[in-house]
Amino acid sequence: ALYVVNVERNGKIIYTWKGNQRNTHIGLYDLRTKQNEHLYMFEKDLHIISCSVNNERTLLAVSFCQYTEEERASQLLQSVSKYLTLLIEIHPINNVRVLKAVDSCVRVQFLHPVEGRSASTESRLLLVSEDKYIEQFDIHVVAEEEHKVVIQKSGQLPRAKVVDDLVWAQWDMMEQRLFYIVPKESKTTLRCVQFYPDENFNSVLESHLDIAVNDTQLKLVNFGYDYCQDQDVASKSLNLQVFTSKAGGLCLCCSLASDIPHEIMYSIYFLHKGYNKTSTVSLERTESHQLKEVAFMNLDYYVAAYLPGQFLHLLNIQHPDLLCYSLFLTGEDARIDTLQNCSIRSPWVSTVLDCEAGSLYAVSISDSALLQFLHKSKLDCERLAALHCALLYFQHTEDLEMQIIRWISENLSTCHSFDPIQEFIIASLYCRMCPETQNLDKLLPYTSLHDWIGVVPGVICATDIISLPVLEFQNSKGFWEKLNSNLESAKYAEPYLHYHSDVLRREWHNLSEEVRSILLGLLFCSFWDFCMFTNQREERRTTAYLRNIFENAKKYVLVSIISTFLFFAQARLVPLFEEEDYQQQLLMGLMVAQLKDHLMRHLQYVGKKKIDQIVLDYVANLLNLVHRIMKEVWRRYQLHSCVFCFAERGSAGEFAVFHIMSRILEAANGMCMPLPPGFHTLHLGLGVRCLPLHTLLHYIDNGVLQLTETCVRKLLK
């Protein structure tokens, strides 16, 4: 059988197997080229604990157990060390050097430079001892005749102490980072050492945690995978793993001991947010020997807490504040066929290693399975979590959007604690806009909800505030820059940085009251006359403020026309009219002014021109999303373009579309969001065809249907 013993940064997997003569072989598999390479063979049966190969594949470090305790007692080998650590020249196979011969277990790990770097004559090797220290060896090699590569010095290899007195350590092979924990007075301290291509390493992070760890035995994560050894240590120490995300998320996951039988507890420390969530799950009756520790997996946008046969909890890393955006699955929904034991590790994002079977798997969320779950879900918390995942986790495709819109149109009356139209529009805007500009994700809303007071059946979550990590670097790029940005946002209460419609709604109400009398008097005049007339009024506001709003409105009338034109160019299905809707244009101008002010306060370094473009894109995308909903609904109910033939009553399909448009209007009013030109005219036209006269007039009186110049003229004709 093949067993995975290590995974290197370049995606190459080191594995071992036993030959016909019980020889122990070491091989290398390249995930990219799908090629295998034989590295070395020991001419006896060995229990290999740890193995690593350098980037140039010229040196191999191996740590193995020479015999068991029983063999040692029977053979009276008291003077022979139990563990041996070797450094082997393999280009070609040549000299073997002993690095360690001790009775404590040792793990080895070569450092790998960044991708694309030319071959180096120096390799660096980390040696991790069970005696709670880590040191780094510097190994210089030289090329001899016939391309032979050998170690340059025959004496002791230069070494440097990296850390000592640690009780837990985890290796991040992709980013060449070492996370470790040291007991410090009454608290546990998490630290991180970053290794750089220029052969330096620095401590970059320190975080104080209220976690009790067993300081009697060292627990190692991702320093090779020896199932027997890991199981022995796991039974005596805390199950801990650190995960990072591309967006600058930093999470520490740990399983906790519970005094109650058949109860599982685990905590996720969202270090980039400044709080942790402790989850408690009461399991169905099960045999005590079946209860094992929770396994954690890194899916980048989610951390998965998994107990085979019981549950799968997907906790949102980027937006962990609301419990309803995390998926808690049980039964068949939580089943992962190939992972039926808890001895799994997540060596890098979306990858899982089954340590017991020695197999490596790619893990991801299935969009088809998620949509099936969305359709069959009966609880709002499940629907919200699935909808949020579908909109923000997956890349937007036309087919996925179509299926989500279809689900929304079928479930408008079954969602009680949230509006699915609002959630679709806001989450879709967030997904489309945030990749454009750094830190925009902290300023735009990602949800229509301000809080969530519901519960998720099957799991109880408690939230605790924790201290933010301290970063010990300057001018760093990549992950550390994003983490620093997240920490700065957390310091200033990030939820309050997100743009929301409360201020816009108050301003819109005040402005509407101010111009209501003007609108009544100027119903049939042009929009520009209306602007000039209103600008002369200075009853409650300054002329400059109103002029700014109207200038925005003029500019974004063009956006409305362009977006409508683009929509018609794609599909001439929905008969939206290119018309002037004064109220919507005024709301659009006010929204533009508010959003510009909000972004200018926090994104000054971007510049006014860039912010103008962001706001322009935001409004255009907003209008196009409403177009998109209308297009799918129109197509689904197979409506015709002509809805202003008042000689006959509307069909069942038209009545369904009228109901959906009413819900779109309700959602827009709830978010104080402008609608595309012609929306109110089309809505009223469907209302005339579908509603009895007294109901139609009642809807108009209560503002559900709004009279527009286009529709009034058609009615008069």
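Colleague: Two strands pair if DSSP finds at least two bridges between them. How many bridges join strand S20 and strand S21?

Modeller: Six. Strand S20 covers residues 250-256, strand S21 covers residues 263-270, and their pairing is antiparallel. Strands are DSSP runs of E, at least two residues, numbered from the N terminus. This is a predicted model, where local features need pLDDT of at least 70, side-chain atom pairs count only at 80 or more, and totals for chains, interfaces and linings use all residues. Residues are numbered from 1 along each chain, and side-chain values use heavy atoms, without hydrogens or water.

Colleague: Which residue in S21 is the bridge partner of Cys251?

Modeller: Phe270.

Colleague: And what is the strand order in the five-stranded open sheet?

Modeller: S19-S20-S21-S22-S30, with antiparallel pairing. The edges are strand S19 (240-244) and strand S30 (460-465). Each of these two pairs on one side only.

Colleague: New topic. Where does S23 sit, and are its faces covered or open?

Modeller: Strand S23 spans residues 295-298, and both faces are covered. Ala295 and Met297 are buried on one side, Phe296 and Asn298 on the other. Buried means under 20% relative accessible area, exposed over 50%, partly exposed in between (1.4 Å probe, protein chains only).

Colleague: Why two sets of residues on opposite sides?

Modeller: Because side chains in a regular strand alternate between the two faces of the sheet.

Colleague: What joins S23 to S24?

Modeller: Four bridges, with the two strands running antiparallel. Strand S24 is residues 302-307. Together S23 and S24 make a hairpin, with three residues between the strands.

Colleague: Which residue in that turn has a positive phi?

Modeller: Asp300, at about 75°.

Colleague: Now the aromatics. How many pairs in the whole structure?

Modeller: The search finds 19 aromatic pairs. Take Tyr40 and Phe42. Their ring centres are 5.0 Å apart and their planes are at 75°, so the pair is edge-to-face. The rule: rings of Phe, Tyr and Trp (its six-membered ring) pair if their centres lie within 6.5 Å; planes under 30 degrees apart are stacked, over 60 edge-to-face, the rest tilted.

Colleague: Are Tyr40 and Phe42 buried or exposed?

Modeller: Tyr40 is buried, at 12% relative accessible area. Phe42 is buried too, at 10%.

Colleague: What about Phe195 and Phe201?

Modeller: That aromatic pair is tilted. Its centres are 5.4 Å apart, with 45° between the planes. Phe195 counts as buried because its relative accessibility is 4%. Phe201 is partly exposed, with 26%.

Colleague: Which ring does Arg177 lie over?

Modeller: The ring of Phe479. Arg177 lies over its face, 4.5 Å from the ring centre. To count, CZ of Arg or NZ of Lys must be within 6 Å of the ring centre and within 35 degrees of the ring normal.

Colleague: Last one. Where is Ser50?

Modeller: In strand S5, residues 47-53. Ser50 is buried, with a relative accessible area of 0%.

Colleague: How far is Ser50 from Val5?

Modeller: Their C-alpha atoms are separated by 6.4 Å. Along the chain, Ser50 and Val5 are 45 residues apart.
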